[in-house]
Amino acid sequence: MDCRDLRETISAFVDGEATPEESSLAAEHLASCAGCRTIEARMRSLEEGLRRVHTEPEKGFRESLFARLEAEGAIPPKKKISRRPWRPAAVALAAAAAIGLFFLVSRESVRVRTAPGPSTARVETPPSGRPDPKPAGGAPPVPMEPLLSPGTPTAMRDIPESAPPVAAPSASSPALSPDEMEMIALLDVLSGPVSFEAGEDAEALDLLDAFGGNGGSGKFPSGGRSGA
Amino acid sequence: MERDKPSSKVSGGRMRTDEELMLLFREGSRDAFEELFSRHHRAVVRFAYRMTGNAASAEEAAQEIFLRIARAAGTYRPTAKFTTWMFTIARHATLNFLRDTAVEGEEIPIASAEDPDGDAREIRLHAPAEGNPETVMWGSQLKERFLSALQELPEGYRAAFVLNRGDGFSYEETAGILGITVQAVKTRIFRTREMLLRSLSEELK
Ligand SMILES: [Zn+2]
């Protein structure tokens, strides 16, 4: 076996990823071959180059990111008003839709607080005992999947990466299941804050506006509209 | 259940794992997301920097990465290590970023250099004059030269090298993130080293 054939093994050896057999093969060869020792040293020296390639985020990075996240409704607002369980956007929107419908249906019998001032992020469920306007009731947990629907009419610009020619794709990769990989690939069709605006979500927001009248800040789901 | 670490503000007594924080975030904890951000944003920005080649792009891509993480919270399953999941998202996001910012008609090579030049361009290195091969000296422009040498690599090679050598993922984890075999990771990292050493040869003292 000549040097060239061993270089890939030496590379894995450098990374601590060679099998025991490969490791002894590499070590044995390195002991007797100055040329490969040089290569090995230079392989190792690349670590220094990579280590130097780094950057720190600018000062405003965190603030602007969290502003975007809030505007999109992807994280709960800062306030600690509600201790209700929360799930990303979808649940709150579903709750808002249900409540909006509820108030629309039974407006005459419910006093709606319309004062825009102390509005809170809290989403109240309808009082029990009243007839539910929707069979689904209060706030059914809605999984994220609908948000990832390929039907989202945004940015179908990306064709998911097909299998690279260099290697057979491994369906049995240890870390992520194929489903998870696919899910992450689907994320590529989402772009920007519009993702929560489409379809039913927009309707939910409209309902919320109809009932709240102000649709102003302070309501967690309504923040999404500012991103449009 | 108790671990050795003192509390973080989320934990109320012990250090939460990333996976636990992600589940807490799904349940509505903003603090959990903030903690995840605090733990990982530097690594994400650094990864994006190495993948995109400049700091402004890195920040833009990193923002996109965290937006995707927040949006995808509902799809997260704690069967995978959080960081593996996060870097899978990060790699997709940076790849999209590169495609979006590519000049019209320009292709982003992902893995087309399986055998870029064959044996014809085998690295020719002579043994150091003074005999100690453990010491390799780099010139002063190493950072800039290295950054640009990285950008010349096919994206899939750069990603494999950066994930393994920069972010500490094993070959197996890197394979999982990139959706390729462990053998392919091994080959990409070796080829990457060859290509980097070739383009940095002048930087070697
Ligand atoms: Zn040799």
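Mentor: A contact means that heavy atoms lie within 4.5 Å of each other. By that rule, residues 24 or more positions apart account for 71% of the contacts in chain A with a separation of 6 or more. The model is a predicted one.

Trainee: What elements does chain A have?

Mentor: Chain A has seven helices and zero strands. Read from the N terminus on, its elements run α-α-α-α-α-α-α. Of the 228 residues in chain A, 42% are buried.

Trainee: How do you know that helix H3 of chain A spans close to what is expected?

Mentor: H3(A) has 19 residues, and 28 Å separate its first C-alpha from its last.

Trainee: Which residues of H3(A) are buried, and what covers them?

Mentor: Among the buried residues are A:Cys36, A:Ile39, A:Met43, A:Leu46 and A:Leu50. Charged residues are included too, namely A:Glu40 and A:Arg42. The cover includes helices H1 and H2 of chain A, and from chain B it includes H2, H5, H6 and H8.

Trainee: Why are H3(A) and H6(B) called roughly perpendicular to each other?

Mentor: Their axes come within 11 Å and cross at roughly 95°. Angles of 65 to 115 degrees count as roughly perpendicular, so H3(A) and H6(B) get that name.

Trainee: Which residues meet between H3(A) and H6(B)?

Mentor: From H3(A) come A:Leu46, A:Glu47 and A:Leu50. They meet B:Phe161, B:Val162, B:Arg165 and B:Gly166 in H6(B). Four of the residues of this contact are nonpolar, one is polar and two are charged.

Trainee: What makes B:Arg165 and A:Glu47 a salt bridge?

Mentor: The limit between a side-chain nitrogen of Lys or Arg and a carboxyl oxygen of Asp or Glu is 4 Å. In this pair the closest N and O atoms are 2.9 Å apart, so B:Arg165 and A:Glu47 form a salt bridge. The pair crosses between chains, from helix H6 of chain B to helix H3 of chain A.

Trainee: What separates B:Glu34 and B:Arg30 in helix H2 of chain B?

Mentor: They are four residues apart in that helix, which means a separation of about one helical turn. They form a salt bridge whose closest N and O atoms are 2.8 Å apart, and both are buried. B:Arg30 and B:Glu34 are also linked with A:Arg62, A:Glu70 and A:Lys78 in a network of salt bridges. Over all chains, the whole structure holds 25 salt bridges.

Trainee: Why is B:Thr83 called buried?

Mentor: B:Thr83 has a relative accessible area of 15%. The limit is 20%, so B:Thr83 is buried. B:Thr83 lies in helix H4 of chain B. Leaving aside residues up to four places away in sequence, B:Thr83 touches B:Asp18, B:His40 and B:Phe169.

Conventions:
Residues numbered from 1 in each chain as written. Chains lettered and ligands numbered in written order. Predicted model: local features only at pLDDT ≥ 70, side-chain atom pairs only at ≥ 80, totals over all residues. Heavy atoms only, no water. Axes fitted to C-alpha atoms, helices over the stretch in contact; angles between N-to-C directions. Helix = DSSP H or I, 4+ residues; strand = E, 2+ residues; numbered from the N terminus. Parallel < 35°, antiparallel > 145°, perpendicular 65-115°, else oblique. Expected span 1.5 Å × (residues − 1). Buried < 20%, exposed > 50% of the residue type's maximum accessible area, 1.4 Å probe, protein only.
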